[in-house]
Amino acid sequence: MQGKCRVVLPGNREPSPAQMFTEMATWCEQHGVEHDRYGEGTHIQAFEQKIATLLGFEAGLFVITGTMAQPTALQIACEERQCHNVAMHSSSHIYLHENQGYQLQHRFNLLPVGKPYQPWTVSAIASIPDRLAAVLYELPMREIGGQLPTFNELEEIKRYCQSQGIHLHMDGARLWESAAFYQKPYNEIAMGFNSVYVSLYKGIGGLGGAMLVGDKDFIGKARVWMHRQGGSVYHRTPYIVTAAMQFEQKLSVLPKLFERTQQIYAMLEQYPSLTPNPSQPQANMLHIHLPLSQQQACKLRDKLATEYSVWIGNPQQGMLPQQSYIEWYVGDRLLEMSDDELHRCLALIERGCAEDSSN
């Protein structure tokens, strides 16, 4: 139904396969790209090093999925410290969306840290009585609306982990979106982490894949483990090309997307039924909470799509029975949309909430 709507609110526009492959072919010709073989090749290795250097690390490694990259990074950290306890927030991707692979594969023990709906601080990790090999921090925290700790809170966590010999790993799936809030370069945000995973398609628009960065010894161990898990794709060229050919352009627009997010927050003040989380923007994404159950919100979504050709996103059930939320990644669609058009869409959602709430 989304594909048939004239107005789609969340996310970025995606080119068709024909458009993307044409752009890839042109870019490859312009840059003399040759295929890598099992990750060995000038262009892929140059891009790996580019990401590593941008984040302030010695080495980088392309990994076919983040689901493969992150548990592997944490497993290596555990093996190095002969301890299998890893702490992370209960909203982490590993905890929620990977079918408990870490547990069924006997890779490490997961200890939840902090309160479910807030970024956690150093006191939460310091209160864990067990020895820790590694800690994962997601920047920003997608499942709670893109929230971030303050930079000072993050620095305290870095210092604590370093003093305790704990491997600090960043789930940076949306790290690119955090710099506009922190007003810091990426290497300063990442400084103090022992390893970082970043996505090559979230925010960047590549076909898929991820990059894992760390010191040379750590990345050398990770390379072996990716091969053991079947991650040695013969040609990684398509993934690298689609990320590399638009990397700078995608990063350059992120400050504008954050500014647009701030404008959207100001607009939402006129619609009391639509409650943003977090209360103030911390990345170019947010959750909008509705006074409707998920079932009611899905009916409203479908009604707006059918009658007004407006797609608001996929509602998720909130904590309360009559509460749900939609996630908006503020991308080029909302950036290019006029304020009048966005107000029209917000008014439709507000009116729909009022009508459904009264039934």
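Val198 stands opposite Met211 in strand 8, where strands are DSSP runs (E, at least two residues) numbered from the N terminus. The model is a predicted one, in which local features need pLDDT of at least 70 and side-chain atom pairs count only at pLDDT 80 or more, while totals for chains, interfaces and linings use all residues. Residues are numbered from 1 along each chain as its sequence is written, and side-chain values use heavy atoms, with hydrogens and water left out.

**Sheet**
- Strand 7 (residues 195-199) and strand 8 (residues 210-214) run antiparallel and are joined by 4 bridges; two strands pair if DSSP finds at least two bridges between them.
- An open sheet of 7 strands, with mixed pairing, has the order 2-8-7-6-5-3-4.
- Its edge strands, each pairing on one side only, are strand 2 (59-63) and strand 4 (109-112).
- From one strand to the next, the twist averages 20° (axes are lines fitted to C-alpha atoms, for helices over the stretch in contact, and angles run from 0 to 180 degrees between N-to-C directions).

**Helices on the sheet**
- Helix 2 (residues 42-55) lies across strand 2, strand 7 and strand 8, and runs at about 120° to strand 2; helices are DSSP runs of H or I with at least four residues.
- Helix 3 (residues 66-81) packs on the sheet and touches several strands, including strand 3 (85-88) and strand 5 (134-138), contact meaning heavy atoms within 4.5 Å.
- The direction of helix 3 makes about 175° with that of strand 6 (167-172).

**Loop**
- Met319 lies in the loop between strand 12 (316-317) and strand 13 (324-329).
- Met319 counts as exposed because its relative accessibility is 62%, the cut-offs being under 20% for buried, over 50% for exposed and partly exposed in between (1.4 Å probe, protein chains only).
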